[in-house]
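Dear colleague,

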Amino acid sequence: MWVAWHVILMPALGTVPAPWDQPWTEHFSEIFGHIVWAWSIAATVYFLIAKDKSKTLENF
């Protein structure tokens, strides 16, 4: 996700500078943020699956 949006699409659309014009700290922050974001989604899904007694998650 990070590569697709922050390295390719957003610079192409002009919303952020080109990747080589951004400081390394910006890239590190975005990479770390995406790792935390993905982990929190996975943790939530695993929690919901473990909590579900019927073992079938459904949207209501």
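This is a predicted model: local features need pLDDT of at least 70, side-chain atom pairs count only at pLDDT 80 or more; totals for chains, interfaces and linings use all residues.

Two phenylalanines of helix H2, Phe28 and Phe32, are 4 residues apart, which is about one turn of the helix. The structure holds 1 aromatic pair. That pair is formed by Phe28 and Phe32, whose rings are stacked, with 6.3 Å from centre to centre and 10° between the planes.

Helix H2 also contains His27. This histidine counts as buried because its relative accessible area is 10%, and the cut-off for buried is under 20%. A polar atom of the His27 side chain lies 3.0 Å from the backbone oxygen of Pro19. When neighbours within four places in sequence are left aside, the contacts of His27 are Trp2, Pro19 and Gln22.

The surface deserves a separate note. A nonpolar patch of about 1,100 Å² is present there, made by Met1, Val3, Trp5, Ile8, Leu9, Leu13, Trp37, Ile41, Val45, Tyr46 and Ile49. At least two residues of the patch come from each of helix H1 (2–13) and helix H2 (24–51).

One of the patch residues is Met1, which is located in the segment before H1. Is Met1 buried or exposed? Met1 counts as exposed because its relative accessibility is 59%, where exposed requires over 50%. His27, by contrast, is buried at 10%.

Yours sincerely

Terms used: Residues are numbered from 1 along each chain as its sequence is written. Side-chain values use heavy atoms; hydrogens and water are left out. Patches are made of residues with over 30% relative accessible area and no salt bridge: like charges are joined within 9 Å, nonpolar side chains (Val, Leu, Ile, Met, Phe, Trp, Tyr) within 5 Å. Accessible areas come from the Shrake-Rupley method with a 1.4 Å probe; for residues, only the protein chains shown count as cover. A salt bridge is a side-chain nitrogen of Lys or Arg within 4 Å of a carboxyl oxygen of Asp or Glu. Buried means under 20% relative accessible area, exposed over 50%, partly exposed in between (1.4 Å probe, protein chains only). Rings of Phe, Tyr and Trp (its six-membered ring) pair if their centres lie within 6.5 Å; planes under 30 degrees apart count as stacked, over 60 as edge-to-face and the rest as tilted. A polar contact is a pair of N or O atoms within 3.5 Å; within protein, one must be able to donate a hydrogen and the other to accept it, and residues adjacent in sequence count only if both atoms are side-chain atoms. Contact means heavy atoms within 4.5 Å.
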